[in-house]
Amino acid sequence: MDLLDRAPDNVRERLDPHGDRGPSAPFDNVFNVDGTPAMPIPVTDANADAMGLEWGYVLHDHGIEVIALTWYDIGPIVSWDTDPLSRISGTPSLWDPLRPAPIQAPATPLKITKPVAPAPAPARPRVTR
(Lines give C-alpha, C1' and ligand atoms only; values in the text may rest on other atoms or scores of the structure.)
Protein backbone atom coordinates (compact mmCIF):
# COMPACT_ATOMS: atom_id res chain seq x y z
CA MET A 1 0.00 0.00 0.00
CA ASP A 2 1.30 3.42 -0.91
CA LEU A 3 1.35 6.37 1.48
CA LEU A 4 -1.08 8.31 -0.72
CA ASP A 5 -3.57 5.48 -1.30
CA ARG A 6 -7.08 6.69 -0.56
CA ALA A 7 -5.90 10.26 0.10
CA PRO A 8 -8.28 12.97 -1.19
CA ASP A 9 -7.46 14.21 -4.70
CA ASN A 10 -6.51 17.69 -3.47
CA VAL A 11 -4.01 16.18 -1.01
CA ARG A 12 -2.46 14.03 -3.74
CA GLU A 13 -2.15 17.03 -6.04
CA ARG A 14 -0.48 19.20 -3.39
CA LEU A 15 2.00 16.47 -2.43
CA ASP A 16 2.59 15.10 -5.92
CA PRO A 17 1.58 17.80 -8.46
CA HIS A 18 3.04 15.94 -11.45
CA GLY A 19 1.70 12.52 -10.45
CA ASP A 20 5.10 10.97 -11.13
CA ARG A 21 5.82 9.39 -7.75
CA GLY A 22 4.77 5.80 -8.14
CA PRO A 23 3.64 3.58 -5.33
CA SER A 24 6.12 2.48 -2.74
CA ALA A 25 7.57 -0.96 -3.29
CA PRO A 26 9.92 -3.15 -1.28
CA PHE A 27 13.42 -3.68 -2.58
CA ASP A 28 13.66 -7.12 -4.11
CA ASN A 29 17.13 -6.77 -5.61
CA VAL A 30 19.25 -6.15 -2.51
CA PHE A 31 21.89 -8.76 -1.73
CA ASN A 32 24.60 -9.35 0.84
CA VAL A 33 28.22 -9.40 -0.32
CA ASP A 34 28.09 -13.21 -0.42
CA GLY A 35 25.17 -13.11 -2.90
CA THR A 36 22.42 -14.16 -0.50
CA PRO A 37 19.26 -12.01 -0.39
CA ALA A 38 19.41 -9.31 2.29
CA MET A 39 16.96 -9.69 5.15
CA PRO A 40 15.44 -6.88 7.24
CA ILE A 41 17.36 -6.13 10.43
CA PRO A 42 15.14 -5.46 13.45
CA VAL A 43 16.18 -2.37 15.39
CA THR A 44 16.09 -2.66 19.17
CA ASP A 45 17.43 -0.65 22.11
CA ALA A 46 20.35 -3.09 22.22
CA ASN A 47 21.57 -2.52 18.65
CA ALA A 48 20.35 1.00 17.71
CA ASP A 49 23.53 2.78 18.88
CA ALA A 50 25.81 0.38 17.01
CA MET A 51 23.80 0.92 13.81
CA GLY A 52 24.47 4.67 13.87
CA LEU A 53 20.80 5.59 13.62
CA GLU A 54 20.03 9.29 14.00
CA TRP A 55 16.23 9.25 14.23
CA GLY A 56 13.58 7.06 15.80
CA TYR A 57 9.82 7.14 15.28
CA VAL A 58 7.22 5.70 17.63
CA LEU A 59 3.63 5.53 16.40
CA HIS A 60 1.03 6.48 19.00
CA ASP A 61 -2.76 6.82 18.74
CA HIS A 62 -2.45 10.61 18.97
CA GLY A 63 0.60 11.13 16.72
CA ILE A 64 4.19 10.21 15.91
CA GLU A 65 6.89 10.59 18.54
CA VAL A 66 10.01 11.84 16.77
CA ILE A 67 13.23 11.06 18.62
CA ALA A 68 16.55 12.66 17.68
CA LEU A 69 18.60 9.69 18.93
CA THR A 70 21.91 11.58 18.97
CA TRP A 71 20.46 14.06 21.50
CA TYR A 72 17.49 12.54 23.33
CA ASP A 73 15.91 9.27 24.47
CA ILE A 74 12.36 10.50 23.92
CA GLY A 75 10.86 13.12 21.65
CA PRO A 76 7.95 15.46 21.06
CA ILE A 77 4.75 14.19 19.48
CA VAL A 78 3.75 15.30 15.99
CA SER A 79 -0.03 15.11 15.80
CA TRP A 80 -1.59 13.00 13.07
CA ASP A 81 -3.47 16.06 11.81
CA THR A 82 -0.25 18.03 11.13
CA ASP A 83 -0.36 19.42 7.62
CA PRO A 84 1.99 17.24 5.51
CA LEU A 85 3.21 20.35 3.69
CA SER A 86 4.61 21.88 6.90
CA ARG A 87 8.29 22.74 7.15
CA ILE A 88 9.89 20.27 9.53
CA SER A 89 13.33 20.99 10.97
CA GLY A 90 16.02 18.38 10.44
CA THR A 91 18.22 19.81 13.21
CA PRO A 92 18.33 17.10 15.92
CA SER A 93 18.98 19.51 18.80
CA LEU A 94 15.65 21.26 18.13
CA TRP A 95 13.66 18.07 18.85
CA ASP A 96 13.72 18.63 22.60
CA PRO A 97 11.02 16.44 24.20
CA LEU A 98 10.12 19.29 26.59
CA ARG A 99 9.29 21.70 23.75
CA PRO A 100 6.83 21.64 20.85
CA ALA A 101 8.04 19.89 17.72
CA PRO A 102 9.95 22.31 15.44
CA ILE A 103 7.34 22.47 12.71
CA GLN A 104 6.22 25.52 10.76
CA ALA A 105 2.80 25.38 9.12
CA PRO A 106 2.72 26.14 5.38
CA ALA A 107 1.70 29.61 4.18
CA THR A 108 -1.26 28.04 2.41
CA PRO A 109 -2.81 25.37 4.63
CA LEU A 110 -4.02 22.16 3.09
CA LYS A 111 -7.80 22.15 2.83
CA ILE A 112 -9.49 18.79 2.99
CA THR A 113 -12.68 18.77 0.98
CA LYS A 114 -15.31 16.10 0.86
CA PRO A 115 -16.21 14.72 -2.57
CA VAL A 116 -19.30 16.27 -4.06
CA ALA A 117 -22.18 13.83 -4.48
CA PRO A 118 -23.34 13.47 -8.09
CA ALA A 119 -26.45 15.45 -9.00
CA PRO A 120 -29.62 13.41 -9.24
CA ALA A 121 -30.70 12.43 -12.72
CA PRO A 122 -33.40 14.68 -14.20
CA ALA A 123 -36.93 13.34 -14.01
CA ARG A 124 -38.10 11.62 -17.17
CA PRO A 125 -41.47 12.63 -18.57
CA ARG A 126 -44.13 9.97 -18.23
CA VAL A 127 -45.34 8.45 -21.42
CA THR A 128 -49.02 7.57 -21.30
CA ARG A 129 -50.77 5.53 -23.93
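Student: What makes Val66, Ala68, Tyr72, Val78, Trp95 and Ala101 a nonpolar core?
Tutor: A nonpolar core is a set of buried Ala, Val, Leu, Ile, Met, Phe, Trp, Tyr and Cys residues joined through side-chain atoms within 4.5 Å. These six residues make up the largest such core in what is a predicted model, where local features need pLDDT of at least 70, side-chain atom pairs count only at pLDDT 80 or more, and totals for chains, interfaces and linings use all residues. Side-chain values use heavy atoms, without hydrogens and water, and residues are numbered from 1 along each chain as its sequence is written.

Student: Which residues does Tyr72 contact, leaving aside neighbours within four places in sequence?
Tutor: Contact means heavy atoms within 4.5 Å. Tyr72 meets Ile67, Pro92, Ser93, Trp95, Asp96 and Pro97 in this way.

Student: Why is Ser89 called buried?
Tutor: Its relative accessible area is 19%. Buried means under 20%, exposed over 50% and partly exposed in between (1.4 Å probe, protein chains only), so Ser89 counts as buried.

Student: How do you know that Asp96 and Arg99 form a salt bridge?
Tutor: The term requires a side-chain nitrogen of Lys or Arg within 4 Å of a carboxyl oxygen of Asp or Glu. In the pair Asp96 and Arg99, the closest N and O atoms are 3.8 Å apart, and the salt bridge is therefore assigned. A search of the whole structure finds one salt bridge.
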